[in-house]
Each structure stands twice: as structure tokens, then as C-alpha cells.
2 protein chains.
Amino acid sequence: MRTYDYLLNYDIKPSVQRIAIMDYLLEHRTHPSIDEIYMALCDEIPTLSKTTVYNTLKLFVEHGAAQMLTIDERNVNYDADIQLHAHFLCKKCNRIYDFPANREEEKVHSMNLNGFDVEEIHQYYKGICPSCASQMKKEEN
Amino acid sequence: MRTYDYLLNYDIKPSVQRIAIMDYLLEHRTHPSIDEIYMALCDEIPTLSKTTVYNTLKLFVEHGAAQMLTIDERNVNYDADIQLHAHFLCKKCNRIYDFPANREEEKVHSMNLNGFDVEEIHQYYKGICPSCASQMKKEEN
DNA sequence: TTTCTTATTTGTAATTATTACAATTTCTTT
DNA sequence: AAAGAAATTGTAATAATTACAAATAAGAAA
């Protein structure tokens, strides 16, 4: 499906900027930050403003077309994959990896009973990724 | 146990500032931010610097005496409860509530198999808390 | 097509959280 | 008390985010 229609499905009026940003999100599953997206699209859209990237991502989240990850304390990251899945943040390289979610967690949605209206579920792990771990072993020698 | 000894247990050399900050964390289970802690202790310790609050919380986390929550995109929050438990962030009032964790998640620690060294597990929920929900209902009328 | 209206984008400035770092103070040890 | 180390402080720098008004683009009506 074209990104144009993809956006329409989420009731988002497509524009050059919005399509480019969503395209980037869909093609780069690295959970990019605002800055990464902005930097990457500067060539393609030389007039692009960082404010637009902020506005657009906010719009995507509001329309359910993307989710915001607050796992990294330094900045917020975005993910076009809105299916429930877990994330692993490497404390060394700050890369964010996808992991299967604990499906048990979905039951939490029924926690509504307690009066808490759960709209989002996040499962975050933090530690050292295999790539950094082996790197660190090498440096020990 | 006195906070003095409590800190020593975590191999943290006690000081007026560190004791005051840990006391605050232990007595206020509201997952305060740096700013909240700083503001609250300004009266007690008039010379307190915000940098000290930053340094101290960093130290606490390094020594395992507190955990850092990155659930709120606006700023980082701290929790003296280092037992595995889940958190609920109300999108309206930004309060953070404690919830029992899904114990299944602990198994993730053995995810080491895949080469990922999991040091921290976080379970976050976001939505509307009962207090805000009833408030919003009232305002509808 | 031209005009009017609305939505989107842009750029700048303001705000806020966090970090860097040197100077000062406090604590320990002698 | 003096010397050395550790902790604290204050200021300045950095970086992320937001506010907002002006400019541009898009769409509807004439």
C-alpha cells in the first residue's frame, strides 16, 4: 500500500512532509529520534523544519499511526510498529532492539476494573547488547 | 534502620545532602523528579544545589539504592523501591502509580541466552487515573 | 481562473532538563 | 593544625522541546 493511503487509513491528511516522515519510520525500524528523522530528511526536503517533525510525530501518535517510546532518558523515540512488543535499550550504544512482548501483559487492559484506564502498555529492558558485549570483551585484552 | 546505615548498606558514604535526599525518596513514594526533590529540600538545606541532586540520584542508581523511571517524557523520575513492580503514568495529571509487576517478566533475565544482558526490567502503563477520570466526567455536565 | 478560507509548514525565540566544570567547602588522615 | 581527597556548589553550556507568529500551500467557493 502506498504511504499516501496508509496515512489516510489513520485519518491523516497526507502531505509531502508527512509522507516522507512516515516513509522513513516505516523503512527504518531503528526507533529514530526527532533529530535522526530531521537529519535524514533534510536532503530530500531542504526546507524541512524541525518543528514540522515534532508536529507530525505528535499527529501520528494521536492518530495511532506511531507510538512514542520513552525508554531513552536522553530523548524520545518513535516506532511505526504499533503492535504490542517489548524494547531493549543498550546502555552502551543506545540502540533500541525489538523483542516479543509478554502477552500476559495484555490482560492488564482489563485492569480498568480498578478504575485505571490503561491506554498504553510498555515493556522495556535495559542492559548491554551482544554487539557491545563482545566489543567490551575485546577491549579487556 | 536509620537512613545513615541504609546508605552504608549500599556502599554510599552518607552526607547531610545524601541522607536528606534518600529520606525524601523513602518517605515520598510519589516517584519525584529532580526538581521536586530539589524544591522540597531547599528549606531544610538552603545551600542545596540542583547539581548535587543530580549527582546524588545518579550515585543512588549506580549503587542500586534507587531506580530511574523514564516513563514521563518530560523528565526523569526516581523511585527508592527497587523491587520489580510496574508503573502507571496518568496522561492528565502526570502522577505515577505503583502496580504489581507481571512476575512472568522476570524470566526475561534468562534472555541472556540470546546474548542480551538484561540489567533492568520496566513495565509501564499509560492512561487516565481514576481521579482524573471522575474529574473529567464531572466537567462534561 | 481568481479569490477567499483554512490547514500546514517554517523559523525564531523561549523554556526546560541536563551536563560540564572549575571553585569552594567539607571531611579524613596525618 | 595542615595536607589531601571527596563532596558540594554555582555558573555556564548544551540539548530537547514548546510557543507562536509569519509564510506558504492546499482546497473550496465564486
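Five residues of domain 1 of chain A are in contact (heavy atoms within 4.5 Å) with eight residues of domain 2 of chain A. The model is predicted: local features need pLDDT of at least 70, side-chain atom pairs count only at pLDDT 80 or more, and totals for chains, interfaces and linings use all residues. Residues are numbered from 1 along each chain as its sequence is written, chains are lettered from A and ligands numbered from 1 in the order in which they are written, and side-chain values use heavy atoms, with hydrogens and water left out.

Domain 1 of chain A covers 1-70, and domain 2 covers 83-112 + 120-141. These bounds come from an automatic or database domain assignment. Taken over C-alpha atoms, the centres of the two domains lie 24 Å apart.

The size of an interface is often given as the accessible area lost when the parts come together. Between domain 1 and domain 2 of chain A, the buried area is about 540 Å². Buried area is the accessible area (1.4 Å probe) that two parts lose on being put together, summed over both. Carbon and sulfur atoms give 49% of the area between these domains. On the side of domain 1, A:His31, A:Gln67 and A:Leu69 lose the most area to domain 2, together 73% of what that side buries. By class, that side has two nonpolar, three polar and no charged residues. Here Ala, Val, Leu, Ile, Met, Phe, Trp, Tyr, Cys and Pro count as nonpolar, Asp, Glu, Lys and Arg as charged, and the others, Gly among them, as polar.

Four residue pairs, both at pLDDT 80 or more, are in polar contact between the two domains of chain A. A polar contact is a pair of N or O atoms within 3.5 Å; within protein, one must be able to donate a hydrogen and the other to accept it, and residues adjacent in sequence count only if both atoms are side-chain atoms.

DNA strand C has 15 residues around it. A residue is near the strand if one of its heavy atoms lies within 4 Å of it. A:Ser15, A:Gln17, A:Thr47, A:Thr52 and B:Tyr54 come nearest. By class, the surface near DNA strand C has three nonpolar, nine polar and three charged residues.

Individual polar contacts reach both phosphate and base. A polar side-chain atom of B:Tyr54 lies 3.0 Å from a phosphate oxygen of DNA strand C. The side chain of A:Thr51 places an N or O atom 3.1 Å from a base oxygen.
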